[in-house]
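Please look at the two chains below before reading on.

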Amino acid sequence: MSPFRTCPTTGLQVHRTADRLIKANAVVATVALLVGGIAALLVLLTRWEAVLLLEAEMFYRMLTIHGMNMLIFFIIFFEMAVLYFASAVLLNCRVPAPKTGWVAFVLMVVGTLMVEWTMWTGRADVLFTSYVPLRAHPLFYLGVILFAVGALTVVGHFFAIITVARREKAYEGSLPLVTYGALTAAAIAAVTLLHGAIIYIPTFLWSLDMMNVDPQMYRLIWWGLGHSSQQINVAAMVAIWYLLGALTVGAVVLNEKVSRTAFVLYVLFISMASAHHLLVDPGMGPSWKVWNTSYFMYMAVLASMIHGFTVPAGTELGMRLRGATQGLFGWLKRAPWGDPGFSSLAFSIVVFGFVGGITGVTFGTEQINIIAHNTLRIPGHFHATVVSGTAMAFMGITYYVIPLIFRREIAFYRLAKIQPYLFAIGMLIFSMAMTFAGTFGVPRRHWDIGFNQAFFQPEFSPAVNLIIGVMAVGGLIAIVGGAIYIVVTVVSVFFGKKMAPDDSGLGATGRGLPPGITNPPRALKPEDKEALKPSGRLGPVPGTMVLVLIFLAAFILYYFVNWMLLSFLWEVG
Amino acid sequence: MYRTGIEPPERIWWKKVGRHEKVWVWISFAWCMVLFAMMPLWHLRGGQNPSGIRHRVDPADYQARVLEFVQEYQVGTDNGLPVVEPPPGSDVYLQASQFAWIPVVRLRQGAEYTLHLSSLDVNHGFGLYPLNINFQVVPGYDYGLRIVPHEPGEFHVMCNEFCGIGHHLMVGKIIVVGADEVAADAGEAADEGGDR
């Protein structure tokens with residue numbers, strides 16, 4: 001059998017090893033998602049005071065399991081699959097070191113199993129952050145180290161694939177933007193995972209009583225892993241935005257220079273993200289905080305604001321070039337909302353930007369952090385970014401990976417079509433309610449805000465109960481959406497209808513294939529440009545221009561309202 | 001000719017940027033500068049900053065300092081915890097440990113204090129409810145924050161950093177006595193202290 005197969009949809013030569021590595025990593029990612037999702041349900045039903053399902057000890061254990069499985073195992077295994085896809089598949093190239101690929105995969109799986117064992121047996125009730133001097137079993141730290149070494153190896157492998165592709169002239173011209181974005185994600189991953197090694201190796205030795213670790217230093221370097229890894233997610237997510245846009249509606253790149261510069265800004269400034277978590281810490285002074293928390297004068301925020309324009313603008317322009325020229329938003333009306341890839345893309349951009357982005361930048365302001373730190377506002381923020389943004393985008397691309405890589409039709413396709421709606425709406429309600437509850441000072445990572453048996457019983461405003469109830473309903477809807485995703489992907493991958501090697505699915509109806517495959521956006525012709533109406537004051541992408549201005553207005557409003565709330569407090573400083 | 005993000009562009013992709021895209025980049029840049037400028041500006045003009053007086057402290061020394069503070073100013077007990085009433089302008093020492101905030105503090109409205117926070121064991125979180133003022137409490141570090149309580153009332157200190165199995169039990173109290181009731185209240189508090 002030839003080591004390559006030809007993709008009937010794209011004509012790309014796909015190395016079978018790349019296929020297998022993508023499948024293996026994606027399957028493990030889904031298993032982690034399932035484990036983390038079950039923990040999510042239990043955590044949610046406990047924080048919902050009306051139910052208070054688990055006992056305290058089990059709650060904190062499940063919260064640890066939820067955090068590790070979602071933020072580390074699910075996301076990073078999926079990103080490993082994305083790295084292989086964006087390099088070997090998109091560049092038409094072989095995987096130069098298959099054995100290394102498998103060794104890395106096994107290392108990551110072994111590390112994961114070690115961590116899972118310590119968590120499930122109650123040997124690591126230290127939550128996701130495992131702040132020293134809270135102590136976990138040494139194998140917890142060792143497991144994370146093995147996992148990080150494996151992931152770092154995949155990152156190195158990714159760089160090798162790109163180098164080989166270039167040397168062997170597997171593609172012409174420059175790297176496609178999606179691969180370029182994945183490249184920046186890999187560069188950030190290298191920095192992040194090094195932070196992980198720098199902090200977890202001493203912590204592992206500390207757990208064996210072989211050295212001391214300063215708690216503040218731990219927080220500083222740990223967040224170099226903890227927050228920077230969210231920036232891998234951001235870069236990977238934005239790369240997938242461009243990818244989904246291309247696959248579903250033929251989104252174009254307005255200007256390569258702008259989009260690529262924005263990606264480079266991520267690489268340059270994202271490692272300062274650690275400081276976000278130390279704004280109200282005693283170890284650092286104000287000038288350090290001001291300088292570092294804003295990611296060097298907000299230059300990484302600038303990058304996200306640029307992508308927040310270029311992705312929808314590319315979508316709009318791509319659709320206008322293909323004839324959707326009516327009015328400001330005719331393109332949105334004609335967009336394929338029934339394509340789970342497209343609806344995921346749209347929700348991912350909107351919720352990430354409007355909820356996750358705005359809250360994140362606001363809470364990440366040195367002084368405003370005083371009214372946000374360790375309250376429910378923080379998980380409210382990051383469920384909007386990493387779940388509604390990154391996980392949503394990953395779910396969207398899955399509906400293309402299943403037919404293109406696994407060569408299977410999507411099972412229960414009609415359920416798959418509504419899945420992004422359930423998940424996005426649920427997460428939107430959940431994260432907004434959570435953020436809102438946090439403005440009342442409701443703490444995060446807390447078993448019982450009824451404070452039974454505590455020294456004193458502070459009583460929250462009655463509004464808090466209602467908001468927590470809304471949060472729970474939103475969370476349950478999202479969990480249903482997540483469960484549908486798992487059922488659809490698992491059934492498709494293992495029992496879905498197989499596609500013949502030459503079956504492109506083109507023009508098919510009634511099969512479990514998204515429209516981007518059965519009816520892909522047509523190739524652009526030079527004369528398409530004439531179809532664009534002479535651009536008015538709002539330019540070639542007027543709809544996007546209006547959308548980003550609404551976004552900016554919301555941003556400015558939320559930001560200054562928070563300064564106002566802060567100014568009402570006691571003087572402190 | 002436009003391309004999608006999955007097609008390799010020509011080698012030289014450094015091209016002129018469209019006018020509207022450029023405008024958005026500059027608007028974003030200007031907004032980022034506003035975001036940045038607000039922080040130093042608030043240090044100059046705003047009343048709420050997390051600067052504080054910060055230094056390292058040995059947990060045992062801090063505990064001794066708290067004990068001394070309690071002995072000096074104790075006026076009573078509440079739920080088994082000592083209640084202290086330090087004079088305006090003084091240093092107030094709050095100790096976080098699994099799973100209590102010690103002591104309960106009585107402050108006067110409008111007076112300035114330096115509130116010291118530190119932990120004897122693991123990380124804790126200082127969350128003042130219902131005001132929603134939050135700080136991280138790290139073992140080995142003394143975080144001295146100058147505070148001016150504006151309004152009278154009973155405020156609770158919740159631990160908002162996971163610190164172990166009894167994390168949710170860890171609630172402390174800060175009482176702010178109104179400026180007008182200070183005189184009467186001080187006498188009453190002294191009586192209370194005498195009773196116990």
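1. Setting aside neighbours within four places in sequence, Phe77(A) is in contact with Asn25(A), Val28(A), Ala29(A), Ala32(A) and Met108(A). Contact here requires C-beta atoms, placed from the backbone, to lie within 7 Å. This is a predicted model, in which local features need pLDDT of at least 70 and side-chain atom pairs count only at pLDDT 80 or more, while totals for chains, interfaces and linings use all residues. Residues are numbered from 1 along each chain as its sequence is written, with chains lettered from A and ligands numbered from 1 in the order in which they are written.

2. Phe77(A) also belongs to the largest nonpolar core, of 262 residues, where Phe77(A), Ala239(A) and Ile240(A) touch the most other members. Helix H2 (residues 56-89) of chain A gives the most to this core, with 24 residues. Such a core is a set of buried Ala, Val, Leu, Ile, Met, Phe, Trp, Tyr and Cys residues joined through C-beta atoms within 7 Å. Buried means that 20 or more other C-beta atoms lie within 10 Å of the residue's own; exposed means 12 or fewer, and partly exposed lies in between.

3. Chain A has 17 helices and three strands. Its radius of gyration is 23 Å, close to the 25 Å that the globule rule gives for 573 residues, so chain A is as compact as a globular protein of that length. The radius is taken over C-alpha atoms, and the rule is 2.2 Å times the number of residues to the power 0.38. Helices (H or I, at least four residues) and strands (E, at least two) are DSSP runs, numbered from the N terminus. Of the 573 residues in chain A, 61% are buried.

4. Chain B comes to three helices and twelve strands. Its radius of gyration is 25 Å, whereas a compact globule of 196 residues would have one near 16 Å. The C-alpha atoms of chain B fill a box of roughly 90 × 40 × 25 Å along the principal axes. In chain B, 46% of the 196 residues count as buried.

5. Strand E4 (residues 91-97) of chain B has six of its seven residues buried. Six bridges join E4(B) in parallel to strand E7 (residues 113-119) of chain B, and three bridges pair E4(B) with strand E5 (residues 100-102) of chain B in the antiparallel sense. Pairing requires that DSSP find at least two bridges between the strands. Gln95(B) is bridged to Ser118(B) in E7(B) and to Ile102(B) in E5(B). A hairpin of two residues links E4(B) to E5(B).

6. Between the chains, 89 residues of chain A are in contact with 82 residues of chain B. On the chain A side, helix H10 (residues 295-321) provides the largest share, nine residues. That side divides into 57 nonpolar, 21 polar and eleven charged residues. Ala, Val, Leu, Ile, Met, Phe, Trp, Tyr, Cys and Pro count as nonpolar, Asp, Glu, Lys and Arg as charged, and the others, Gly among them, as polar.

7. A strand pairing also crosses between the chains: strand E3 (residues 571-572) of chain A pairs with strand E10 (residues 141-148) of chain B, antiparallel, over two bridges. Within E10(B), Val148(B) is the bridge partner of Glu571(A).

Methods:
Two residues are in contact if their C-beta atoms, placed from the backbone, lie within 7 Å.
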